[in-house]
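Dear colleague,

I am passing on the structure below, followed by some notes on what turned up in it. Please read them alongside the model itself.

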Amino acid sequence: MSQWDKFLEKQLQNPEVKAEWDALEPEFAIIQAIIDARKSTGLTQKQLSERTGIAQGDISRLENGNGNPSLNTLKRLASAMDMTLKIEFAPTSQRRNKTAVM
């Protein structure tokens, strides 16, 4: 386990930190999905920029978490990587537990 993982594990024991971390999870997931998709296609940010018409700096900002991509931007990125965009709503574990109890 890396030093970062140990630090994060300790910090997430604090309920306030955990709540903030969980609230940001969808943003982290989108960022990671963009990075993973780009790398799996073997594209650089510059190549993805050329395919989408989105400035390389803007792609960098998205991958660094400093952007808020629109649905249209996500579709353009997916299309340029010969992928489809899939978005889903999934029940939270709390909701499932409450439903199961009722």
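By about how much of the helix are Trp 4 and Phe 7 separated in helix H1? They are about one helical turn apart, because they lie three residues from each other in helix H1, which covers residues 3–11 (helices are DSSP runs of H or I with at least four residues, numbered from the N terminus).

Before going further, please note that this is a predicted model, in which local features need pLDDT of at least 70 and side-chain atom pairs count only at pLDDT 80 or more, whereas totals for chains, interfaces and linings use all residues. Residues are numbered from 1 along each chain as its sequence is written, and side-chain values use heavy atoms, with hydrogens and water left out.

A search of the whole structure gives two aromatic pairs (rings of Phe, Tyr and Trp, the last by its six-membered ring, with centres within 6.5 Å; planes under 30 degrees apart are stacked, over 60 edge-to-face, the rest tilted). Trp 4 and Phe 7 form a tilted pair, at 5.8 Å centre to centre and 35° between the planes. Trp 4 is partly exposed at 49% relative accessibility, and Phe 7 is partly exposed at 44% (buried is under 20% relative accessible area, exposed over 50%, partly exposed in between, with a 1.4 Å probe and protein chains only). The rings of Trp 21 and Phe 28 are also tilted, with centres 5.0 Å apart and planes at 50°.

Arg 38, in helix H2 (residues 15–40), is buried, with a relative accessible area of 9%.

Best regards

Notes
Helices (H or I, at least four residues) and strands (E, at least two) are DSSP runs, numbered from the N terminus.
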